[in-house]
Amino acid sequence: MRRFAAVSWIVIPLAGVLVLSGCSSAKPDSGDDLQIVANPTAARPAVSPAVTVKPAGQVLPGPAVSAVAVEGSTLVVALSGSPALQLYDLNALASPPVNMPLYGKAERLTVAPGRVEIAEPAQGVVQQLTLPDRKLTETKTGGQPASSIAYGADRLVAMGAAKEIQVLPAAGPARTIGGQLYSADDVLAAGDGVVVLDRLRTAVFSVDVAGGKINEGLRAGDGAANAVADSYGRVLVTDARAGALIAFSASPLIMRQRYPVAGGAYGIAYDAKRSLAWVTLTERNEVVGFDVRGGEPVEKYRFPTVRQPDSVGVDDQSGRVIVGSAAGEGTQVIQP
């Protein structure tokens with residue numbers, strides 16, 4: 001499979017679909033410019049080695065973590081073994097967490113003001129945790145919801161294998177937006193645009209919510225894994241196979257930058273107050289903080305982590321970084 005050279009950012013002024021040549025396993029007559037293999041599979045995190053350097057900061061013991069998020073002074077940790085949330089007070093981490101059972105494993109936690117959206121694909125449910133009152137309410141979506149975000153008064157839900165976005169209005173019937181997708185794995189609002197991440201096609205697509213359609217798509221490296229919106233109208237994507245951090249403007253959808261990141265780039269979180277993108281490196285048990293304000297990322301921080309650091313979050317107020325171990329070695333809190 002073709003890979004970009006590991007050089008500095010690449011700035012590419014594209015307005016439409018990014019056409020890439022295929023590799024030897026490409027489907028020769030598919031007519032699909034984005035598909036480069038006959039049987040695509042979603043990128044997975046690299047398997048982490050045993051920890052050889054003490055993790056930075058404080059490690060909260062606990063079972064395997066599937067996702068982390070911070071809203072206000074509350075740290076929300078999703079556990080994957082016995083599906084549940086653990087809620088910590090960031091100002092009193094020595095205090096025992098509040099445990100809240102879930103219907104099923106939470107694949108994604110997304111923060112909106114005053115609440116956290118919880119996607120539970122195996123149960124066909126999205127739950128909303130309001131804070132600080134710690135109230136859980138549910139929305140049954142059917143299918144396998146992969147992520148959910150607030151969008152004005154509505155909610156947008158990426159429906160995974162159903163290859164569509166559900167639009168859930170505050171009042172009235174739900175509607176769906178589909179087309180072109182192989183899987184709808186995450187949906188993000190950045191600036192004036194909405195983007196959906198498709199891990200199977202390792203691509204991102206622009207979504208016209210008002211018009212109800214999926215617009216142009218662009219390849220996102222060799223193995224698009226996770227994505228986050230930044231403060232500059234962009235979507236930042238980790239490429240777990242080629243090792244890169246890729247930036248797309250959302251409206252219009254244009255690949256703006258591609259920066260090599262060795263070590264198994266996977267999880268990503270964004271600190272809007274400091275313009276820092278935090279990327280976990282699962283091959284190295286590390287987390288790296290990049291300043292993304294300029295023409296290319298500038299590494300500001302690098303810390304050793306717990307084993308298998310698949311998930312990461314950040315507290316915008318204090319700058320603390322939260323890393324979750326998918327191997328059951330705890331939740332790490334780092335103050336840069």
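## Burial of the aromatic residues

A residue counts as buried when its relative accessible area is under 20%, and as partly exposed when that area lies between this limit and 50%. In this predicted model, tryptophan 278 has a relative accessibility of 0% and is therefore buried. Phenylalanine 303, at 17%, also counts as buried, whereas tyrosine 301 is partly exposed, with a relative accessible area of 31%.

## Aromatic pairs

A pair of aromatic rings is described by how far apart the centres lie and by the angle of the planes. The structure contains four aromatic pairs. In one of them, the ring centres of tryptophan 278 and tyrosine 301 are 5.6 Å apart and the planes meet at 20°, so the pair is stacked. Because tryptophan 278 belongs to strand β23 (residues 276-281) and tyrosine 301 to strand β25 (residues 298-304), this pair ties together parts that are 23 residues apart in sequence.

The rings of tyrosine 301 and phenylalanine 303 are likewise stacked, because their centres are 6.0 Å apart and their planes stand at 15°. Trp278, Tyr301 and Phe303 form one aromatic cluster.

Two cavities of 30 Å³ or more are found in the whole structure. The second largest cavity holds about 40 Å³ of space. Its lining includes Leu60, Pro61, Val77, Tyr88 and Thr331. Strands β3 (74-79) and β4 (84-89) each contribute at least two residues to this lining. By residue class, the lining of the second largest cavity comprises seven nonpolar, four polar and no charged residues.

Technical notes
Residues numbered from 1 in each chain as written. Predicted model: local features only at pLDDT ≥ 70, side-chain atom pairs only at ≥ 80, totals over all residues. Heavy atoms only, no water. 1 Å grid on protein atoms, 1.4 Å probe; cavity = no way out; pocket = protein on both sides within 12 Å on 5 of 7 lines; lining within 4 Å. Points joined across faces, edges and corners; volume = space filled by probe spheres on them. Helix = DSSP H or I, 4+ residues; strand = E, 2+ residues; numbered from the N terminus. Nonpolar A, V, L, I, M, F, W, Y, C, P; charged D, E, K, R; others polar. Phe/Tyr/Trp six-rings, centres within 6.5 Å; stacked < 30°, edge-to-face > 60°. Buried < 20%, exposed > 50% of the residue type's maximum accessible area, 1.4 Å probe, protein only.
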